[in-house]
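Subject: Structure handover

Hello,

Here is the structure for your files. My notes on it follow below.

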Amino acid sequence: MGFFGSSTVTKCKECGTDLGTVERLERHKEKAHTKHDAKCKACGTVFESFEKLRKHKKKCK
Ligand SMILES: [Zn+2]
Ligand SMILES: [Zn+2]
């Protein structure tokens with residue numbers, strides 16, 4: 001067995017970080033590159049963009 005990590009991708013396509021395992025990579029992608037992060041912490045509403053969230057925050061609370 002001469003190959004190591006050639007069939008399993010554990011490297012993040014977004015930033016190039018090698019997480020070593022697929023599990024870690026999935027967690028990393030969620031934490032570092034999540035696209036569903038535009039959520040108001042005060043009321044829990046999720047917005048499609050950070051701009052909308054920013055505008056909402058001024059009114060919310
Ligand atoms: Zn990454
Ligand atoms: Zn809110």
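A residue is called buried if 20 or more other C-beta atoms lie within 10 Å of its own, and exposed if 12 or fewer do. By that criterion, helix 1 is hardly covered, with a count of 0 buried among its 12 residues. Please keep in mind that the model is predicted.

Overall picture

The chain holds 2 helices and 0 strands. Of its 61 residues, 0% count as buried. As for contacts between residues at least 6 apart in sequence, 0% of them link residues at least 24 apart.

Helix 1

Helix 1 runs over residues 22-33. From its first C-alpha to its last it reaches 15 Å, close to the 16 Å expected at 1.5 Å a residue.

Helix 2

Helix 2 covers residues 50-59. The number of buried residues among its 10 is 0, so helix 2 lies largely in the open. After helix 2 comes Lys61, which has a positive phi, near 80°.

Lys52 belongs to helix 2. Is Lys52 exposed or partly exposed, given its C-beta neighbours inside 10 Å? There are 14 of them, so Lys52 counts as partly exposed. Leaving out residues up to four places away in sequence, Lys52 touches Ala38 and Phe47. Ala38 is 14 residues from Lys52 along the chain, and their C-alpha atoms are separated by 8.3 Å.

Arg54 is also placed in helix 2. Arg54 has 11 C-beta neighbours inside 10 Å and therefore counts as exposed, since the limit for that class is 12 or fewer.

Regards

Terms used
Residues numbered from 1 in each chain as written. Chains lettered and ligands numbered in written order. Predicted model: local features only at pLDDT ≥ 70, side-chain atom pairs only at ≥ 80, totals over all residues. Helix = DSSP H or I, 4+ residues; strand = E, 2+ residues; numbered from the N terminus. Contact = placed C-beta atoms within 7 Å. Expected span 1.5 Å × (residues − 1).
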